[in-house]
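Please look through the sequence and the model before reading on.

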Amino acid sequence: MPIRVLPDFLINQIAAGEVVEKPASVVKELVENALDAGADQIVVDVIDGGRTLISVIDNGCGMSKEDLAKSITRHATSKLPMDDLLNINFMGFRGEALPSIASVSDMVIDTRNSEDSNGWTLNCETGDIKPSDWEEGTRIRVQNLFAKTPARLKFLRGDRAEMISVLDVVKRLAMARPDVGFTLNNKWRFPKNQPMAERIAAVMGDDVRGRMLSVDAKSASNATLKLTGFISEPTLRRASSVDQYLFVNDRPVKDKVLVGALRAAYMDVMHAREFPLCALYLTLDPRSVDVNVSPAKTEVHFLEPSHIRSFIIKSLRDVLAQTLSDREVAQHIGAEVPMHMQQSLNFNRRDFFVAEPKKGPDIAFMFNVPERKDLSVNKVEEHAQEDLPLGRVIGQIGNKYILAQSGENLVIVDQHAAHERITYEKLRKHKIKVQPLLTPIVVSLRGEDVEAVLSISEEMKDSGLHIGAFGDDAIAIFEKPADWDLDWVNLFHAIADEVRQYGHSSQLGERLHLKLANYACHHSVRAGQKLDLQQMDALLRDIETTSRAGECNHGRPVYKIIPLIDIDGWFERV
Ligand code: ADP
Ligand code: MG
């Protein structure tokens, strides 16, 4: 068969196969164009999940008649003025979205450049351009998507599922640009210049209010490398990665280095099957990241992935380490306890280990413990003048929970979770004890697995595992963490899988973590154990100085703080 150069319509349809996978991809390309055109108001309308109509209107710079004609020509772009693919300041640059979309739909563009006296309308099917009374910016209407390519049409999911993808795209771009206003189907509105906290709540849901921790980190070794944004308190999580919004130089990305680093940062406080929420913005020299990796431009290649990874992990761990955050402490410090509140603390004695208020002005803080009167009074008075974030012990309930009062708030602490966290953090501070092996353990593996595992052998050394190649298809273990024996084949397989998929692996760390966590769990105060005031007080003071105190190492909450206003609410006093 002779070779022929394919006609343009086929070339465009082939390109559309990559760029325009579904209605959401059309929305993504059109909204990105609107942002590149400098718009600050973007209105998206989608009918029947996008198969009948997708319309995007913007108030950006618009196009002249000449540019309008060129815009649907393949590889025509206004965004690479310096021919420099490594210095890209726009969302687009490949010049293939409009011709691709036009080739698989009926597309009409209305536009007006502010320098022109009138607007123009392009019918992409015929190539006709006519003067119009379009006033400002651009409107692109895409109708009957994939009607010309029935094979594609068959792959579309139900309207509702496609709509969810469209919403996801709009949300991601809305998170990228809180300065820009977005409207989708008149139903989802993200107003222009929305404060970041409001935009995050609008995008992720109201449950995130007050539960996101701010991140603002600069790399010590690379002046252009920065990480800003918000991550969730570990007790706030989702069952999937939907609410993980990641950006590289303001471009929404799905990047395995970033996702892996985020997961590793939360490793100590969250199950692998749970997902933290985040809006994280990584900024770096455009020359140290390649964004021209996939047609949809959602993947990136970093020049120094491992450097980026460790910078992110460290920055996020620093933030998580202060889970009992300054904000929270500030909120609980210094609040006076009004008299009526003090009296109301006279709980039903039967439910408590200790809970009988003494008469006198300090009534809320002084408790008679019949068997240990001396201790309770001394201990409690000692702190009477201080303001303690987790407050003063009131008593124990169900032999499981410690009740305390902090300022005007009621604090409830899960004693087992609390002790577990304290023990775990103490253990973590000790360096891993390494046991050198007189005879190395030899583990047989497939050659490709050996390669993958050895590629991270330096990192493993930090965790106390010293390995090396043993011929082409085995690994020798020279040193291992003391008292640590496990199914090495299984561990190395898991590591090799992760390295192949993500370029790194957190398996070893996770398993060490599990061992520590189990140890901490078995050496901690149990639920069901009666504690005296002194023990409870010591526990509270210990948590206050423990990092990541907000949750136990299984990710369950350690304490809850109930503000007076909530209690007032229960009694209908508000
Ligand atoms: P790219 O965005 O990669 O340049 P596209 O095919 O998406 O390629 O768009 C081609 C060109 O059309 C853009 O470079 C831009 O000059 C112009 N264009 C597209 N959409 C708009 C818009 N909404 N407002 C102004 N110009 C636009
Ligand atoms: Mg584009």
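## Strand β12 and its partners

Two strands are said to pair if DSSP finds at least two bridges between them. In this predicted model, strand β12, which covers residues 244-248, pairs with strand β15, residues 278-283, in the parallel sense over 5 bridges. Within that pairing, Y245 has A279 of β15 as its bridge partner.

Strand β12 also pairs with strand β13, residues 251-252, but here the sense is antiparallel and there are 2 bridges. In this second pairing, F247 stands opposite P252 of β13. The hairpin that β12 and β13 form has 2 residues between the strands, and in this hairpin N249 takes a positive phi near 45°.

## How β12 is enclosed

Why can β12 be described as largely enclosed by the rest of the structure? A residue counts as buried when its relative accessible area is under 20%, and 5 of the 5 residues of β12 are buried, so the strand is largely enclosed by the rest of the structure.

## The largest pocket

The largest pocket holds about 1300 Å³ of space. It is lined by 40 residues, and those closest to its centre are I432, D462, S463, G509 and L512. Two or more lining residues come from each of the elements α9 (305-320), α13 (415-429), α15 (457-462), β25 (474-481) and α17 (507-522).

Among these elements, α17 gives the most to the lining of the largest pocket, with 7 residues. When the lining of this pocket is sorted by class, there are 17 nonpolar, 10 polar and 13 charged residues.

## The second largest pocket

For the second largest pocket, the volume is about 720 Å³. Of the 34 residues that line this pocket, N33, M63, S71, S78 and K79 are the closest to its centre. The elements that give two or more residues to its lining are α2 (23-36), β2 (53-58), α3 (65-71), α4 (97-103) and β6 (137-143).

The largest share of the lining of the second largest pocket comes from α2, which supplies 5 residues. By class, the lining of this second pocket divides into 15 nonpolar, 10 polar and 9 charged residues.

Definitions and conventions:
Residues numbered from 1 in each chain as written. Chains lettered and ligands numbered in written order. Predicted model: local features only at pLDDT ≥ 70, side-chain atom pairs only at ≥ 80, totals over all residues. Heavy atoms only, no water. 1 Å grid on protein atoms, 1.4 Å probe; cavity = no way out; pocket = protein on both sides within 12 Å on 5 of 7 lines; lining within 4 Å. Points joined across faces, edges and corners; volume = space filled by probe spheres on them. Helix = DSSP H or I, 4+ residues; strand = E, 2+ residues; numbered from the N terminus. Nonpolar A, V, L, I, M, F, W, Y, C, P; charged D, E, K, R; others polar. Buried < 20%, exposed > 50% of the residue type's maximum accessible area, 1.4 Å probe, protein only.
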